[in-house]
Amino acid sequence: MIALASIRDLTVTYRRDGNEVAALKTINLDIGAGERLAIIGESGSGKSTLALAIAGLLPASSRIEGRLDWFLPSSPSSGAKAPPSVLPDISPPRGEITPSFRLSPITEIASKELPSKLPISPLAGEMSGRTEGGGTDRQPKFVPLGGRDIGFVFQDPSASLDPVMAVGKQIAEVAYTHLGLTWPQAYAKAKSLLERVRLPDPDSALRAFPHQLSGGQKQRVAIAAAIAAGPKLLIADEATSALDTIVQAEIVALIRRLVAEDGMTLLFISHDIALAAELAERIAVFRHGELLELGPTAQIVDAPTQAYTRTLLDAHIGLDATPLLNRAGLNA
Amino acid sequence: MSPLRRFLRKPEAVAGAILLAALVAMALSAPMLFPGDPQAIAGPALLPPFQDWSLPLGTDRLGRDVLAELFYGARTSLAVGLAAAAAALAIGSVVGTLAGFAGGLVDEVLMRITDAFQTVPGFLLALAFVSVVGPSLGIVVIAIALGTWTGPARVARAEVLSIRERDYVAGARVIGMHPLAIAFREVLPNALPPVLAMSSVIVAAAILTEAALSFLGLGDPNRATWGGMIAEGRAVLRTAPFLSIVPGIALVLTVLGVYLAGEGIVETTAVRRGLS
Amino acid sequence: MNLLTVSNLTKRYRRGGKTIAAVDDISFHIEPGETLALAGPSGSGKSTIARLVLRLIEPDAGHIEFEGNDFLALSGAALRQRRARLQMVFQDPLAAFNPRSTVARLLDDPLRIHGIAARAERPRRIAALLERVGLAADLAPRAIHEISGGQRQRVAIARAIATKPSLIVLDEAVSALDVSVRGQILELLLDLQRQERIAYLFISHDLGVVRAIAHRVVLLEAGEIAECGDARTVIDAPQSAIGKALVAAAPRLNRTRP
């Protein structure tokens, strides 16, 4: 497996009312380029914290230790329009492997390997990446940038979309910012994206506001915005949990198709192990901030090594589950 | 972190609290430090400050002790400011809660009454009320509250309109709770934080309004008030400016202290709500 | 005799000048001790029906008969009194409780309002209710936001059974729970049904759960009944288009060694 990102000893601590709560404890995980990896866990498992940490979206008040190394093509897609059409062309000769950077927003932690002034979070990394990129360092440096290299789909599209901006503009803005397109080009791109996410009547949808769309349609728009810049990695954090079963199945099918077409890597965060098993090639099971078990989907589903994973599997109530109801009782 | 410690980390809030504490100390200690009537003659008229250490801030035109008047004035300012603000907040939140929760005709009637009060400038209303009923401490409190309860009422109503759609209000109805109990037990306590956030501004405004009324001679004539002292000093502004300046400074510091401390409290509690 | 009979229930909303029937001429009944599930996609009207049955909103047309009486004819004190028999558990137990309340206060409310226990006796009753739903009695003084989601939903169930209802509306009551907690809550609901003969109106979009817990199911689409019948029969072989779509969309866990 060629790694897209490699997480080592990642620990994230939140401060809450004076107490420190560890949301993630020394996580080690490789994300393979082009794979569909599901992160499974219940509330408090740290699965969303992991998604935010990878996307560089953790709040500044959190403390982050450990490292996250990216293995991305070294040329940031400053002018490139076309999203990669085939599976990852990431076959990095040693020299092109991007340097690692310390994960940590704004706080302490000096790096062991790098001068302390190196990019400290993907967001900050974007700025220093642009300014230092050519000059100061001999090695080509590349730090992934949220929106361009990482697409993020949140659980609640009503909260992630701007309620007072037409959806066409919201998608075009991503393309305009990251692909170096002119505004008309970006707007045309937005329309083709709305077609790709199968929104009925993309022309009028461009001018629609989020409140005029249904929950499923809003999530399609959010996905269109997430993939607008042709990211290498798509993170879907409980992206279907607020939707009903039918719409959920449609969105899962959409994500599967887009990921395959664009050769994206998918990180699918979910509490639903059955849903994850339908979509992912590998499953990582999280509990209380720890990575309990990681393996191919078939192995996790059929031969889990952890009792907790078995509990999750047994707790699934499928259409073939033994009814809990004792029917004899009713008319007694 | 406890709200107290968060409060103590804000220097402006601490400064406000110190000013406020000094004011409260003045108000409480007045009868002990100056057991006599502050409006009694204590020495020669128009004695400048820092001349006679038994009368540190000098005397006014009638020979009254300025320092004693200042201390007793703090009592009046504080009492009227707090009482008027409390009355305004209480009336406002009850009216706003009833209007927002009941809706329909009740809402319509209550909000039109609110409109009517809001179209008349608050100070004019207070002025008219005191001139008709006559000046006394209680009347001044009511007069000031009359002009200020509308703001809290509107904020409370807006908050209640959003809270009444929440599941826990539906839950209270399902459990069979009486609508009035729902309004005042379930809805009002949760609607209060943004209303209370207005209290620092309202207390500060009430203190200023009281001073303005006293300045115009509509304060309680039997009490020392800072507004009254300024008005008294106005006649000799050229020869004895300290008579107006001293109570003026006291007024400014009080309003500043109330405002800074109030904002500090609101901010620290708001942070706590945001976290939970 | 039926516990609840809903006939020709209709609720319309006006949206952008158009009138939409959220619930369109719906009729169904529930027998004592029975679980009837309402299932359907979002916007099918299942939550509106729950709120109509609970008189949280008023219908535009139709009848609701509960325990042999015209439930829609009740108002004021008579309605509040009758509410003791018809309770509800919400989806999100955090949103369903006053954020300032403690567990004890939440359970005290129904006992006080319906005069079930004298003041001195209430702490004992609250402890008994907590134990009935599998919680420790010393949870009573805790604030509602201090306890876990599963514990909160148990408190919600304790509050619902405090007035000894004959029918509880469960509006997506297990959808927001962690799967490991969900099974325990379903077991608790079934146990209560067996012991106290409580009927449930179980609203859910999850056909797997519906099939596991309900006697009968009503499948809804766009405010109308698409299909109804024995829960297992309907879900194992749906006849309506929406039934087929719901079944096809349910996630499947293909385990070779369950």
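**Entry 1: a sheet in chain C**

I started with strand β4 of chain C, residues 61–66, which pairs with β5(C) in the antiparallel sense over two bridges. This is a predicted model, and I read it as such.

Four strands of chain C make an open sheet, ordered β2-β1-β4-β5. The pairing is antiparallel. I then checked the edges. They are β2 (18–30) and β5 (69–70) of chain C, each of which pairs on one side only.

I also looked up the record for this chain. UniProt, in an unreviewed entry, lists residues 4–247 of chain C as "domain: ABC transporter". I computed the make-up of that span: 36% helix and 27% strand. Its end C-alpha atoms lie 28 Å apart.

**Entry 2: chain B overall**

I turned to chain B and counted twelve helices and zero strands. Read along the sequence, the pattern is α-α-α-α-α-α-α-α-α-α-α-α. The C-alpha trace spans about 75 × 50 × 30 Å along its principal axes.

Here too I consulted UniProt. The annotation "domain: ABC transmembrane type-1", from an unreviewed entry, covers residues 74–262 of chain B. I found that span to be 83% helix and 0% strand. The C-alpha atoms at its ends are 18 Å apart.

**Entry 3: α7(B) against α3(B)**

I wanted the packing of individual helices. Two packed helices are described by the angle between their axes and the distance between the axes. I took helix α3 (residues 66–102) of chain B and α7(B) to begin with. Their axes come within 7 Å and cross at roughly 35°. The crossing is right-handed.

I listed the contact. From α3(B), the residues include B:Gly92, B:Ser93, B:Gly96 and B:Gly100. B:Ala88, B:Leu89 and B:Phe101 are also among the α3(B) residues. From α7(B), they include B:Thr150, B:Gly151, B:Arg154 and B:Arg157. By class, I noted eleven nonpolar, seven polar and two charged residues in this contact.

**Entry 4: α7(B) against α9(B)**

I stayed with helix α7 (residues 150–163) of chain B and moved to helix α9 (residues 179–196) of chain B. They pack at an angle of about 130°, with axes 9 Å apart. The two helices are therefore oblique to each other. This crossing is right-handed.

α7(B) gives B:Pro152, B:Val155, B:Ala156, B:Glu159, B:Val160 and B:Ile163 to the contact. α9(B) answers with B:Val187, B:Asn190, B:Ala191, B:Pro194 and B:Val195. I sorted the residues by class: nine nonpolar, one polar and one charged.

**Entry 5: chain A meets chain C**

Last, I looked at the contact between chains A and C. It takes 32 residues from chain A and 36 residues from chain C. Which elements of chain A give two or more residues to the side that touches chain C? I found α8 (245–262), α9 (273–279), α10 (297–302) and α11 (307–315) of chain A. α9(A) supplies the largest share, five residues. I also took the classes on this side of chain A: 17 nonpolar, nine polar and six charged residues.

How values were computed:
Residues numbered from 1 in each chain as written. Chains lettered and ligands numbered in written order. Predicted model: local features only at pLDDT ≥ 70, side-chain atom pairs only at ≥ 80, totals over all residues. Axes fitted to C-alpha atoms, helices over the stretch in contact; angles between N-to-C directions. Parallel < 35°, antiparallel > 145°, perpendicular 65-115°, else oblique. Left-handed = near helix turned anticlockwise from the far one by under 90°. Contact = placed C-beta atoms within 7 Å. Nonpolar A, V, L, I, M, F, W, Y, C, P; charged D, E, K, R; others polar. Pairing = 2+ DSSP bridges. UniProt positions renumbered as here; feature names shortened; annotations may be inferred.
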